[in-house]
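Reader: I would like to learn how to read features from a model like this one. Please give the general idea each time, then the case at hand.

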Amino acid sequence: GTTVLDGLDSSIGLLREKYNSTEMSVRGRQDLEIQGPRLNGTKEEKTSIKYGPDRRLDPIITEEMPLLEVFFINFPTLLLCGEIRKTYVEFMNVSKCPLTGVKVVSKQPEFFTFGSKDAVLSPLSPTASEHCSAYKTVVTHSTSVCSLISSAVASEFGVGTGSQPEIIDVPLPDSVLLPGVSVQLPMWLRGPDEEGVHEINFLFYYESIRKHSKMCHRVLRHTAVICTSRSLTVRSTVYRSNALEDEKGEGDNMLVFVDVENINTSEAGVKEFHIVQVSSNSKNWKLQKSINFSEDKDTNLANREKGKLCLKAVRCKHPVENYTFADVVFGNEQIISSTSPCADFFFRSLYSNLKRIQTQQNSLQGSCDNAVRQIQKCSEVDLNIIVLWKAYVVEDNKQLILEGQHHVCLNAVGKDAFSLPQKQGFKKILGNSDWEDLEQESTEIGLSNLFRPENTTVSSRPSVEQFSNLIKTSLHYPETFNHSFNQKSLCIVPVTLLLSNCSEADVDVIIDLRHKTTSPEALEIHGSFTWLGQTQYKLQLKAYEVSSLQLKACFVHTGVYNLGTPRIFAKLSHQVTLFETSQQNSVPALIIINSI
């Protein structure tokens with residue numbers, strides 16, 4: 001009989017000898033007609049359906065294009081987090097025409113740099129500087145104090161207004177690579193802050209010196225795989241100092257606390273880390289010295305050890321558009337932080353953070369009035385910290401010295417800042433297994449609240465902490481005072497109250513010397529004394545002005561007394577509401593009265 005298959009045209013010949021109950025084979029033919037683009041130029045072409053010739057498969061013949069080959073020399077596969085390693089890249093033109101405009105495009109621009117525009121090229125031979133530092137260094141004999149202050153422009157390192165840090169120009173000599181010529185350029189690498197395996201994608205873009213209408217550029221792709229292991233984690237906090245820079249009050253100052261912990265697991269053979277230098281980067285502040293400097297030239301951190309540094313930062317007298325770098329050295333060799341590669345990696349790694357801060361500031365300016373912004377700016381800090389370190393590694397019975405740096409961006413007074421995200425930092429310290437156990441217990445201990453994202457909503461009213469930073473006070477008095485109560489029953493001690501306006505606006509200040517608490521218990525604990533003269537003072541401070549007020553404290557017997565009783569109220573001159581600043585009450589001002 002005849003068998004008809006659904007969906008088959010009867011004109012197609014069906015080979016019955018190819019058909020059986022278990023297997024079927026059908027032969028057919030379909031003619032393909034290639035159509036070009038539909039013509040739509042004239043009225044006739046618009047009203048009808050006409051197609052032009054198809055040129056898609058026609059080859060395009062252009063003039064000869066250059067061909068670039070890239071070789072990575074001594075490229076590492078293992079790095080510590082934050083480690084700086086110097087390597088070399090060779091660019092070779094294997095074509096018969098010159099090339100120019102070589103650029104590198106990468107989604108991880110913080111991983112590598114060719115140096116700043118004004119950086120001096122290193123020796124062409126990679127072995128010539130094999131054992132030298134990757135940084136630009138000078139010998140110094142001053143430790144724990146700022147050895148050098150320099151400045152730099154962010155645009156010199158590929159970061160600036162409207163720039164794209166993902167696109168990096170390759171600094172070829174004369175910007176041209178002739179046929180058959182190869183050039184070796186130094187490239188500095190920095191290990192990513194997160195532990196693990198990372199794929200770094202490079203896309204090299206280059207052009208011919210002759211502009212073609214059909215083909216203008218070529219690209220070359222490369223992927224590098226880097227494995228990073230733990231090194232250090234840095235946490236930093238800044239507080240306003242209760243003391244001014246000097247008696248004349250020539251500048252505001254702050255205390256910067258830097259906690260550095262060694263979280264390396266010794267898997268890479270690291271013996272210990274040395275903190276060799278702490279540098280600052282800001283347009284308004286600079287590090288002046290280290291306060292807790294010991295006899296050791298640097299801070300050594302063995303496995304799981306933690307070190308704490310306390311540094312003093314002062315306000316720049318003349319803020320400039322350029323970034324000011326200040327280096328506090330703990331050894332006899334200073335790293336010039338404002339040059340390549342230190343400044344390169346700093347600007348690149350913090351580029352996204354700087355953009356986020358600028359976006360937040362713009363939103364604040366748009367949603368808050370000028371008075372609120374003036375008060376809020378008193379708590380804002382534009383201070384970045386760079387911690388530079390050396391690691392001593394034993395490998396094949398040889399000791400190697402590795403170098404690296406970590407960055408911390410301080411944005412507000414009293415707020416902790418970290419060199420890497422908090423969640424990632426806890427994961428590094430605990431390890432993967434302990435971290436998984438901790439995540440399973442998150443419902444019991446509220447781990448989600450621990451890593452709750454920061455509240456980015458803009459408050460229309462300053463907080464109490466922000467008001468407390470509007471005026472900074474400092475009491476100057478002798479810590480110990482001797483007096484003969486047998487000859488004179490009243491002991492009068494001169495006290496100087498210094499007030500500093502931390503805002504850019506004029507501020508009205510009221511000083512109330514009346515004791516806030518008069519309960520017998522409080523008098524017994526803090527001691528009873530009296531302020532002589534006026535009980536209240538009123539004055540106006542200009543922007544960043546420092547004023548002094550001479551007071552007299554009267555005592556009737558010996559003991560230990562707390563002089564930190566004055567209450568300070570402040571408001572912007574053109575505002576009505578008066579607020580109390582409570583900063584002076586945080587630290588007691590103790591004085592000892594002795595009888596002779």
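Author: Start with how elements are named: helices (H or I, at least four residues) and strands (E, at least two) are DSSP runs, numbered from the N terminus. Threonine 565, for instance, is in the loop between β31 (559-562) and β32 (567-572). This is a predicted model, in which local features need pLDDT of at least 70 and side-chain atom pairs count only at pLDDT 80 or more, while totals for chains, interfaces and linings use all residues. Residues are numbered from 1 along each chain as its sequence is written, and side-chain values use heavy atoms, with hydrogens and water left out.

Reader: How many helices and strands does the protein have?

Author: There are 10 helices and 34 strands.

Reader: Which residues does threonine 565 touch?

Author: A contact means heavy atoms within 4.5 Å. Leaving aside residues up to four places away in sequence, threonine 565 touches His515, Phe529 and Trp531. With tryptophan 531 there is also a side-chain to side-chain polar contact, at 3.1 Å. A polar contact is a pair of N or O atoms within 3.5 Å; within protein, one must be able to donate a hydrogen and the other to accept it, and residues adjacent in sequence count only if both atoms are side-chain atoms.

Reader: Which residue in β30 stands opposite tryptophan 531?

Author: Strands of a sheet pair through backbone hydrogen bonds, either parallel or antiparallel. Two strands pair here if DSSP finds at least two bridges between them. Tryptophan 531 stands opposite alanine 553 in β30. The strand β28 (residues 530-532) runs antiparallel to β30, and 3 bridges join the two. Strand β26 (residues 491-501) is antiparallel to β30 as well, with 10 bridges. Within that pairing, isoleucine 492 has cysteine 554 as its bridge partner.

Reader: Is cysteine 554 buried or exposed?

Author: Buried means under 20% relative accessible area, exposed over 50%, and partly exposed in between (1.4 Å probe, protein chains only). Cysteine 554, in strand β30 (residues 546-555), has 8% relative accessibility and so counts as buried. Residues up to four places away aside, cysteine 554 touches Leu490, Cys491, Phe529, Thr530 and Leu532. From cysteine 554 to proline 494 the C-alpha to C-alpha distance is 9.1 Å, across 60 residues of sequence.

Reader: What share of the residues in the protein is buried?

Author: Of the 596 residues, 43% are buried. Helix α2 (residues 342-349) is mostly covered, with 7 of its 8 residues buried. Among them are Cys342, Asp344 and Arg348. As for contacts with a separation of 6 or more, 78% are between residues 24 or more positions apart.

Reader: How many aromatic pairs does a search of the whole structure find?

Author: Rings of Phe, Tyr and Trp (its six-membered ring) pair if their centres lie within 6.5 Å; planes under 30 degrees apart count as stacked, over 60 as edge-to-face and the rest as tilted. The search finds 18 such pairs. In one of them, phenylalanine 91 and phenylalanine 114 have ring centres 6.4 Å apart and planes at 50 degrees, so the pair is tilted. This pair links distant parts of the chain, 23 residues apart: phenylalanine 91 is in strand β3 (residues 83-93), and phenylalanine 114 is in the loop between β5 (112-113) and β6 (137-139). Phenylalanine 91 is buried at 0% relative accessibility, and phenylalanine 114 is buried at 7%.

Reader: Which angle lies between the planes of tyrosine 239 and phenylalanine 257?

Author: The planes are 70 degrees apart and the centres 6.0 Å apart, an edge-to-face pair. Tyrosine 239 in strand β13 (residues 232-240) and phenylalanine 257 in strand β14 (residues 253-262) are 18 residues apart. Tyrosine 239 is partly exposed at 37%, and phenylalanine 257 is partly exposed at 26%. Elsewhere, ring pairs join Phe72, Phe75, Phe91, Phe112, Phe114, Phe202 and Phe204 into a cluster.

Reader: In what order do the 5 strands of the open sheet lie?

Author: The order is β16-β18-β14-β13-β23, with antiparallel pairing. β16 (285-290) and β23 (417-418) are the edge strands; each has a single partner, so one side of each is left without a neighbour in the sheet. Between β14 and strand β18 (residues 306-315) there are 9 bridges, and asparagine 253 has valine 314 in β18 as its bridge partner.
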